[in-house]
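This briefing describes how one protein chain is arranged, topic by topic. Please keep the sequence and the structure in view while reading.

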Amino acid sequence: MACVMWGGHPPRLSSTSASSSTHRTYISSFTAFNLNSIALNHIISMKADANDVSTPMPVAESRQPSMLVFSGGTAFNGVVEELKKVTTRVAHVLPVSDDGGSTAEIVRVLGGPAVGDIRSRCLRLSDESTSEALAVRRLLGHRLSLDPLQAKAEWYEIVEGEHVLWNGVSRPYRETIRAFLVYFQNQILRRASENFCFGNGSIGNFFFAGARIFFQSLDAAVFLFSRVSHIPTDSLVLPVICTNDRLTLGCELWNGTVIRGQNEISHPTSGAVEPINKVVSSVPALPARIKRIFYMSSEGTNLLHEVFPAVNDSVLEQLKQVDCIVYAMGSLYTSICPSLVLHGVGETISMTPCLKVLLLNCSHDRETTNMTASDFVTAICDALNRKHGDPLKCLNNPVRESHLLQAQMEYLKWNPEKTVTLFILICQKKRVHWFIHVMLDV
């Protein structure tokens, strides 16, 4: 089964696009995020029999649907809040190769994997039911000033326990969180020659990095952060690669150019501390489209050498048992594909009969300039098949989604500023049924 959904601002669609008897149209005034979460619940509860096109059966209250979501740390966060109302049985799989923002400075000085995306998702999943839970969320979600001197002064207030952000945090939580912030500070001081910059730093990232270095385990740091932030017990936040080493992302363009580093691929900056801006008009266009994403060596003299890190075993275990796999909106090549190109992911997904859902972006970015809906599907399938890498490591699974979408969706003439329609395509036993959810302008 395969699905495609569009997320973004609510549009209007002519009813003529659903004129066929195999089309059903539902009109709703919900926001895009509300409708996306309702649609996910809707499609998971459908009967598996392809011959039955009756109204989908409701989800049993005794069993929430389970999902695995491939995403980055930003774009899908807005959906997380609504998704929690539908199901908490979600495994969030996140890359650990980001080298921009606050994460970049931590990796530069202390090494190790990038933790920013994991921290971001844990905070979105965190408990908000008590005043203390909200206080912990505010503390770990706080960012320091962009000005390095102001940021450093504020950091010392926090690490010494004197900042107003500690208000509302009970002594046990205060001592636990502060212990790892102090440990992080000690690690920075041991590398004083590196001149760590606190500008725009994330307190949650500092806590996470301190825990990872203390335990020498990314898994242990995720577990600690999850417990401190009180994410639902049946929700999982999984780094796609469990490592204590630095990971570097690379891409090859169709003109043969190789670009090193996620930041350089997605949103190159001047090197100064500044907020991330992925708007396509704010950065120079790539000289050619991206052909493939891969991991590059962070050690030795040959920095263009390709490496093949192992996927987190927990990701493969979850893939085998969930009801739905979601490829979320976000940076296609630097947030989604880094999780898909790892050995074992494509093999497992190809053997998994559950529903697969692609959430398309509502606008283009530097990585996806002029790409159509079917281009997105092809990129996902190529990454899962590792199509353009080492021929000995490639798969040859059929890309039926691309063939279906090429014929059915190109007529849309996608204009992301004016037309954002939520499509759900269900494919079973060579039969195709369309369920078109039309969102109203608000």
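In this predicted model, four strands form an open sheet in the order E7-E6-E8-E9, and their pairing is antiparallel. Strand E7 (258–260) and strand E9 (306–307) are at the edges with a single partner strand each, so one side of each has no neighbour in the sheet. Helix H12 (residues 332–340) packs on this sheet and touches E6 and E8.

**The antiparallel sheet**

- Strand E6 (residues 248–253) is paired with strand E8 (residues 290–296) over 6 bridges, in the antiparallel sense.
- Within this pair, Thr-248 has Met-296 of E8 opposite to it.
- The direction of helix H12 makes about 60 degrees with that of E8.

- Strand E3 (residues 67–70) is covered on both faces. Met-67 and Val-69 are buried on one side, and Leu-68 and Phe-70 are buried on the other.
- As a general rule, the side chains of a regular strand alternate between the two faces of the sheet.
- E3 pairs with strand E4 (residues 90–94) in the parallel sense, over 4 bridges. In E4, Ala-91 is the bridge partner of Leu-68.
- Between E3 and E4 the chain passes through helix H2 (residues 77–86), and this β-α-β crossover is right-handed.
- E3 also runs parallel to strand E10 (residues 324–327), to which 4 bridges join it. In E10, the bridge partner of Leu-68 is Ile-325.

- Leaving aside residues up to four places away in sequence, Val-69 touches Phe-76, Val-90, Ala-91, His-92, Val-93, Val-326 and Ala-328.
- Val-69 and Leu-358 are 289 residues apart in sequence, while their C-alpha atoms are 9.9 Å apart in space.

**Cavities**

- Rolling a probe the size of a water molecule over the atoms shows where empty space is left.
- Which residues line the largest cavity? The lining consists of Thr-103, Ile-106, Val-107, Gly-111, Pro-113, Ala-114, Val-115, Ala-209 and Arg-212.
- Helix H3 (101–110) and helix H8 (203–215) each supply at least two residues of that lining. H3 gives the most, with 3 residues.

**Residues with a positive phi**

- Asn-195 is not a glycine, yet it has a positive phi of about 55 degrees. Asn-195 is located in the loop between helix H7 (171–189) and H8.
- The relative accessibility of Asn-195 is 61%, and a residue over 50% counts as exposed, so Asn-195 is exposed.
- Gln-216 is likewise not a glycine and has a positive phi of about 55 degrees. Gln-216 lies in the loop that connects H8 and helix H9 (218–228).

**The chain as a whole**

- The chain has 15 helices and 13 strands.
- The chain has 442 residues, of which 54% count as buried.
- Among contacts in the chain with a separation of 6 or more, 74% are between residues 24 or more positions apart.

How values were computed: Residues are numbered from 1 along each chain as its sequence is written. This is a predicted model: local features need pLDDT of at least 70, side-chain atom pairs count only at pLDDT 80 or more; totals for chains, interfaces and linings use all residues. Side-chain values use heavy atoms; hydrogens and water are left out. Two strands pair if DSSP finds at least two bridges between them. Contact means heavy atoms within 4.5 Å. Axes are lines fitted to C-alpha atoms, for helices over the stretch in contact, and angles run from 0 to 180 degrees between N-to-C directions. Buried means under 20% relative accessible area, exposed over 50%, partly exposed in between (1.4 Å probe, protein chains only). A crossover is right-handed if, with the strands pointing away from the viewer, the path from the first strand over the helix to the second runs clockwise. On a 1 Å grid over the protein atoms alone, a cavity is a set of points where a 1.4 Å probe fits but cannot get out, and a pocket is an open set with protein on both sides within 12 Å along at least five of seven lines; lining residues have an atom within 4 Å of a point.
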